[in-house]
Amino acid sequence: MIRFLAILISAILYCILWNTYRKPLCDIDRDVVLEVPAVEPAPEPTEVEKLLFEPLDIYFESASLEIIRTPQLEEWLSLAKNYLEENPGERLVLTGHTDNEGTEESNLNLSLERANRVKEILSAEGFSAESLEVEGKGQSEPIAGNDTPEGMQKNRRVSIRLLKR
């Protein structure tokens, strides 16, 4: 017991002396003002960039690799092609998705095939293959329920989005 009290008293005295006589870690002159350089805010995205950052979904028929063309798709692709020509370091990411019909493995393969099919179409329309990245998600990221034909149709898609570097 005496040993315990001796250790306790020694620890308390050590803490008191340490905090009383130790040198401060920083000798800061409180009158000195550091100048921090101004940081330029990120430039506001252009109207075209705002449109291209919103993913565009291209839809497919069931168990098909043929895309359903829409006027919105044609307009978006035209803007994207011009933008990529002016900004060669930027890329488009093509992400394939499916509904839940079939096995997970077959749907993953189908989603990759669909994304590659869109890449082929875009390359044939003048897009640089190096500016197109492909990935497949299968049935893992539905945007609608797979319990109705309409929901399943929405899930059979390739999403295209701009990846700014």
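Visitor: Is Arg156 buried or exposed?
Guide: Arg156 is buried, with a relative accessible area of 9%. Buried means under 20% relative accessible area, exposed over 50%, and partly exposed in between, using a 1.4 Å probe and protein chains only. This is a predicted model, in which local features need pLDDT of at least 70 and side-chain atom pairs count only at pLDDT 80 or more, while totals for chains, interfaces and linings use all residues. Residues are numbered from 1 along each chain as its sequence is written, and side-chain values use heavy atoms, with hydrogens and water left out.

Visitor: Where does Arg156 lie?
Guide: Arg156 lies in the loop between α5 (149-155) and β5. Helices (H or I, at least four residues) and strands (E, at least two) are DSSP runs, numbered from the N terminus.

Visitor: What does Arg156 touch?
Guide: Leaving out residues up to four places away in sequence, Arg156 touches Ile58, Tyr59, Phe60, Glu61, Ser62, His97, Thr98, Asp99 and Arg114. Contact means heavy atoms within 4.5 Å. There is also a polar contact of 2.8 Å between the side chains of Arg156 and Gln153. A polar contact is a pair of N or O atoms within 3.5 Å; within protein, one must be able to donate a hydrogen and the other to accept it, and residues adjacent in sequence count only if both atoms are side-chain atoms.

Visitor: His97 is on that list. Where is His97 found?
Guide: His97 is in the loop between β3 and α4. His97 counts as buried, at 3% relative accessibility. Apart from neighbours within four places in sequence, the contacts of His97 include Ser111, Arg114, Lys137, Gly138, Glu141, Asn155 and Arg156.

Visitor: Back up a bit. What is the pattern along the sequence?
Guide: The protein chain runs α-α-β-β-α-β-α-β-α-β, which comes to five helices and five strands.

Visitor: In what order do the strands sit in the sheet?
Guide: The five strands form an open sheet in the order β2-β1-β5-β3-β4, with mixed pairing. β2 (67-68) and β4 stand at the edges with a single partner strand each, so one side of each is left without a neighbour in the sheet. Two strands pair if DSSP finds at least two bridges between them.

Visitor: Which sense does each pairing of β5 take?
Guide: β1 and β5 pair in the antiparallel sense over four bridges, with Leu56 opposite Ile160 in β5. β3 and β5 are also antiparallel, over six bridges, and there Arg91 stands opposite Leu163 in β5.

Visitor: And what about β3 and β4?
Guide: β3 and strand β4 (residues 132-136) pair in the parallel sense over five bridges. Leu92 stands opposite Leu132 in β4. β3, α4 and β4 make a right-handed β-α-β unit; right-handed means that, with the strands pointing away from the viewer, the path from the first strand over the helix to the second runs clockwise.

Visitor: How many residues of β3 are buried?
Guide: Five of the six residues of β3 are buried, and the strand is mostly covered.

Visitor: What is in the largest nonpolar core?
Guide: The largest nonpolar core has 22 residues, and those with the most contacts inside it are Trp76, Leu92, Leu94, Val118, Leu122, Phe127 and Ile160. The elements giving two or more residues to this core are β1 (56-60), α3 (71-86), β3 (91-96), α4 (104-124) and β5 (157-163). α3 gives the most, with six residues. A nonpolar core is a set of buried Ala, Val, Leu, Ile, Met, Phe, Trp, Tyr and Cys residues joined through side-chain atoms within 4.5 Å.

Visitor: Take Leu122. What does Leu122 touch?
Guide: Not counting residues up to four places away in sequence, Leu122 touches Leu77, Leu94, Phe127, Leu132 and Ile160.

Visitor: One more residue. Is Ser131 buried or exposed?
Guide: Ser131 counts as buried, at 8% relative accessibility. Ser131 has its place in the loop between α4 and β4, and touches Leu84, Glu90, Arg91 and Leu92, not counting residues up to four places away in sequence.
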